[in-house]
Amino acid sequence: MSNTNTNSIEFDVVPCTDVPETLPETVEAPQTEAPAPKQKKAACRIFSLLLIAVSVAALFLPVQVLKGFAPESATLFASITDLFGGNEASKLFGMLPVYTDAANVAGLLAGVVFYALLAAIALTVVFGLIALISGKACLFRTAAFFFATGFGTYAVCGYALPAIKGTATELDLITVAIAAVGALLYLVLGFAKKGKKAFASLIQLLFTLVFVAATVMAFNGYTAEITTAVEGFGLTIDLTVQIVAAVIWVVALLGAIRLLTKKGLALDMIRYIVQLVVGGVLCYVAFTAKAEDNMLLIYAIVAAAVSLVQIVFCILQGKSGKKANKVEEEVAPVEQPAPEPVPEYTVEEYAEALPYEGGPVEGVEIAQEVNPTFEENPIEPVQVNTAGYDFYNSKSFDPFIAILNGEERNQFTELFILKYKGVMPEIPDYQVGGDNKEFFRKLFIYLGQYRDRIPDGLLAKIYQFAIRNA
């Protein structure tokens with residue numbers, strides 16, 4: 001009997017005319033923002049050009065120039081031409097000509113500040129040109145930083161150094177105005193970058209400027225009293241001025257930088273502690289010096305108190321930052337695992353019937369032996385003749401017995417119907433012409449116990465029939 005289907009089936013292929021020209025997109029591609037919008041680049045270029053123009057124009061504006069600590073009105077360009085033309089008073093570091101005595105501390109500071117302003121203008125122009133070409137805001141902020149700090153330092157020293165030497169006149173309004181414009185521009189850029197977080201840095205910078213102002217006023221108005229006090233420590237007034245000038249310049253510079261940076265609280269704490277030390281020393285000098293009024297003491301207390309307030313404020317900033325980070329970690333959404341993709345096609349599985357060649361059957365459990373085997377309880381063999389027992393003459397047709405030959409039919413009858421070779425209690429009785437699925441299932445489960453009783457040919461027929469009707 002062959003199971004091979006020789007009938008050919010033809011399919012009519014009908015063309016599909018409703019196919020859309022473009023397939024629908026189920027997943028939208030994420031839209032990436034442009035790295036630098038054209039409007040922002042245009043604004044950056046415009047302001048860079050204006051900053052370059054102001055920086056170049058400042059070289060030709062009449063500003064106060066210290067010539068032997070006597071402020072004179074002159075342009076920076078004319079002063080440079082005059083100095084390198086041979087009208088210098090001394091050489092700064094043995095190379096750069098200056099109008100003041102570089103051997104004196106105040107003269108040294110005046111020369112350093114003069115060339116620092118020229119370097120700041122040059123850097124402003126360089127970074128401004130690069131920002132003008134590239135349109136990058138970070139380069140424009142760098143140019144604004146050099147512009148503001150350069151003119152700001154020059155304006156402070158232009159007032160403080162003549163006051164120390166007693167040659168002070170009026171404030172240089174042009175230098176102060178340019179420094180104010182640079183500071184305002186830099187402040188706006190700081191808020192544009194950091195947003196509300198720039199308020200804390202601005203407050204700390206204002207406190208720092210108050211400390212700088214109080215310290216400068218103390219040295220300007222009470223140079224003699226401070227000189228007497230520091231000599232008691234074995235120091236000179238020149239060395240003291242150098243140290244204090246370096247401190248106030250560094251703390252002011254770092255305060256300005258912090259307007260654009262988000263990290264740096266540890267460095268802030270260090271500079272606030274240094275400020276507090278300077279303010280404390282000034283308080284000691286004010287208490288020990290015999291000044292005519294109490295203004296020296298007031299300046300010293302202001303410098304120390306402001307520094308102490310900055311330290312407390314810095315501690316609060318650190319605590320609030322830790323709380324904010326903790327809240328962000330708690331609120332941060334947990335990434336859910338992506339759902340497994342649903343297969344678009346149904347995969348059909350099929351099993352192929354193979355002839356049984358002995359051995360264990362895959363997927364069928366082998367039970368442990370419960371009842372004694374035939375060998376352990378031998379039964380006297382009885383010769384049984386089943387040739388006269390014809391199942392075809394019964395009223396019920398049995399499909400399994402029908403596929404057996406005469407010898408296999410006798411073997412099956414003796415084993416599972418008449419049970420002459422021993423009882424198999426785990427295997428149900430075989431019902432001729434009935435539903436025997438449970439019989440075949442249990443037979444393979446307990447095959448390990450009764451395998452030696454079943455001939456190979458009969459077992460192969462049982463296996464083929466069970467697989468085909470499973």
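This report covers the nonpolar cores and the salt bridges of a predicted model.

Local features require pLDDT of at least 70 and side-chain atom pairs pLDDT 80 or more, while totals for chains, interfaces and linings use all residues. Residues are numbered from 1 along each chain as its sequence is written, and side-chain values use heavy atoms, with hydrogens and water left out.

**Nonpolar cores**

A nonpolar core is a set of buried Ala, Val, Leu, Ile, Met, Phe, Trp, Tyr and Cys residues joined through side-chain atoms within 4.5 Å. Buried means under 20% relative accessible area, exposed over 50%, and partly exposed in between (1.4 Å probe, protein chains only). The largest such core has 44 residues, and L76, F114, Y115, F151 and Y186 have the most contacts inside it. At least two residues of this core come from each of helix 1 (38-58), strand 1 (62-67), helix 2 (76-83), helix 3 (105-134), helix 4 (137-165), helix 5 (173-194) and helix 6 (198-221). Helices (H or I, at least four residues) and strands (E, at least two) are DSSP runs, numbered from the N terminus. Helix 4 gives the most to this core, with 11 residues.

Leaving aside residues up to four places away in sequence, Y115 touches L83, F84, L92, L96, P97 and V98; contact here means heavy atoms within 4.5 Å. Another core, of 30 residues, lies apart from the largest one and includes A229, L282, V285 and Y299.

**Salt bridges**

Side chains of opposite charge can pair when their charged atoms come close. A salt bridge is a side-chain nitrogen of Lys or Arg within 4 Å of a carboxyl oxygen of Asp or Glu. The structure holds 7 of these salt bridges.

D268 and R271 are 3 residues apart in helix 9 (residues 265-288), so about one helical turn separates them. D268 is buried at 4% relative accessible area, and R271 is buried at 5%. Salt bridges link R258, D268 and R271 in a network.

E438 and R441 are likewise 3 residues apart, about one turn, within helix 13. E438 is partly exposed at 36% relative accessible area, and R441 is partly exposed at 44%.

D429 and K419 both lie in the loop between helix 12 (406-417) and helix 13 (437-445), 10 residues apart. D429 is partly exposed, with a relative accessible area of 48%, and K419 is partly exposed at 25%.
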